[in-house]
Amino acid sequence: MSKAELLFALSAALVVYTYLGFPLLVFLRAQFRTVPYDCGEITPTVTVIIVAHNEVASIRQKMENLLALDYPRDHLEIIVASDGSDDGTNEAVMEYRAHGIKLLPLPRRGKIPNLNVAVGQAHGEILVFSDANSMYRPDALRKLVRPLSDPAVGGVAGNQTYLPDGGNEVSAGEKAYWNFDQALKHLESESGSVTSATGAIYAIRKDLFEPLPAGVCDDAMNSYRVVARGYRMVYEHTAVAYETVSSDGRAEFRRKARICARGLRAIGVMRQLLNPLPYGFYAFQLLSHKLLRRLMIWPLLLMLVTSLWLQSVNMFFRVVAVGQLLFYGLALFIFLMPRQKSKKNRIFRIITLPFYFCLANFAFLVAQWWFVSGRRIDKWEVQRAGDLGTGLH
């Protein structure tokens, strides 16, 4: 075997393992090593924390949504930490003072410092973190805290679900990716812990919270710390939060790059979790689900280069090279075509997957550069897809 063939084989094996082998491994583990946990109808005191910067477009809807939750009002505290908002967000939240909602008008420092301040003001036994544009199903909070009746469970990841939309080259890919990721979370939870929660809806025990370092994803960091303390982080699919999908490719690119850069920093801080001796299978989850997936652009590029180099050797390499060129060519075609929406065209949704795949991997490449260059993403301007409408139920 030549060096080029060896490089191709190694890169192809890494790609196949990350996208197919690891999910299959998690599936098999869930079938043969189910670890149940208790779920009780409990109503502990809960503090819901939202850190918001210039969210006047959705903050009233968020307040109404939280106040309408099917949860004992005397056991529910709501804190909005305003990160230097100057668009009327503070004034909108103040309209709900009579309902007990607490506003913390804080300076513009970024999400993490102000989230730490908000937790310091929280009185609930359970901390629930959410986003200003994430709308909860009425029973979401009751469902979210149920697994915490088990003393071995330290945190619960909820089910972020995207509302129906017209469909475009970004939303179709994001929904496909997200559905796959949620299924993976469910399987991980069946046999241990989810790798991490999503920021739209998750809960942890307050006594497990530690102040977060700047420049990390709070959902990832809090999840990692729950596992590091010896507790399970489980997934509750019935605790549903609704969001809309971004229809702007540039905004989605920036969002993914930012999340990835902050996620890589969180892994760097909690790198001890990559040691399988104390953390067992979770170390492989973290490596495969969060690290390798974000580094895939390198083996993908190596596969392309080596297959093109070897295409004259035999038919196999020619077919592989042509297949990759067609895949990336389709992504480029979608990128160059006029922006449009297709509400019912399933073929359109399928052919946009290569575009989304490439968009995500290039965003991960940018995030890697930010990470190795020491660039920290503490503050950003949030761009929403618009009002959530009436799709909640």
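Two residues are in contact if heavy atoms of theirs lie within 4.5 Å. The exercises below use a predicted model.

**Exercise 1. Describe the protein as a whole: its secondary structure, its burial and the sequence range of its contacts.**

Solution. 
1. The secondary structure comes to 14 helices and eight strands.
2. Of the 393 residues, 53% count as buried.
3. Take the contacts between residues at least 6 apart in sequence: 81% of them join residues at least 24 apart.
4. The protein exposes about 17700 Å², and carbon and sulfur atoms supply 62% of that area.

**Exercise 2. Work out the strand order of the sheet and state which strands stand at the edges.**

Solution. 
1. Eight strands make up an open sheet with mixed pairing. Their order is 3-2-1-4-7-6-8-5.
2. The two ends of that order are strand 3 (102–106) and strand 5 (135–136). Each has a single partner strand, so one side of each is left without a neighbour in the sheet.
3. Helix 7 (residues 218–228) packs on the sheet. This helix touches strand 4 (126–130), strand 6 (153–162), strand 7 (201–205) and strand 8 (232–243).
4. The direction of helix 7 makes about 35° with that of strand 7.

**Exercise 3. Describe how strand 1 pairs with strand 2, and find the bridge partner of alanine 52.**

Solution. 
1. Strand 1 covers residues 46–52 and strand 2 covers residues 76–83.
2. The two strands run parallel and are joined by seven bridges.
3. Alanine 52 has serine 82, in strand 2, as its bridge partner.

**Exercise 4. Locate proline 354 and list its contacts beyond four places in sequence.**

Solution. 
1. Proline 354 lies in helix 14 (residues 353–372).
2. Its relative accessible area is 6%, so proline 354 is buried.
3. With neighbours within four places set aside, proline 354 is in contact with Phe327, Leu330 and Ala331.
4. Leucine 332 is 22 residues away from proline 354 along the chain, and the C-alpha atoms of these two residues are separated by 8.7 Å.
5. Phe327 also belongs to a cluster linked by ring pairs, together with Tyr19, Tyr328 and Phe357.

**Exercise 5. Decide whether asparagine 116 is buried or exposed, and name what it touches.**

Solution. 
1. Asparagine 116 is found in helix 4 (residues 111–121).
2. The cut-off for buried is under 20% relative accessible area. Asparagine 116 has 19%, so this residue is buried.
3. Not counting residues up to four places away in sequence, asparagine 116 touches Phe209, Pro211 and Leu212.

**Exercise 6. Which rings do lysine 62 and arginine 375 lie over?**

Solution. 
1. Lysine 62 lies over the face of tyrosine 136, at 4.3 Å from the ring centre.
2. Arginine 375 has its charged end over the ring of tryptophan 370, 4.3 Å from the centre of that ring.

Conventions. Residues numbered from 1 in each chain as written. Predicted model: local features only at pLDDT ≥ 70, side-chain atom pairs only at ≥ 80, totals over all residues. Heavy atoms only, no water. Pairing = 2+ DSSP bridges. Axes fitted to C-alpha atoms, helices over the stretch in contact; angles between N-to-C directions. Buried < 20%, exposed > 50% of the residue type's maximum accessible area, 1.4 Å probe, protein only. Phe/Tyr/Trp six-rings, centres within 6.5 Å; stacked < 30°, edge-to-face > 60°. Lys NZ or Arg CZ within 6 Å of the ring centre and 35° of its normal. Areas by Shrake-Rupley, 256 points an atom, 1.4 Å probe, with all protein chains shown as cover.
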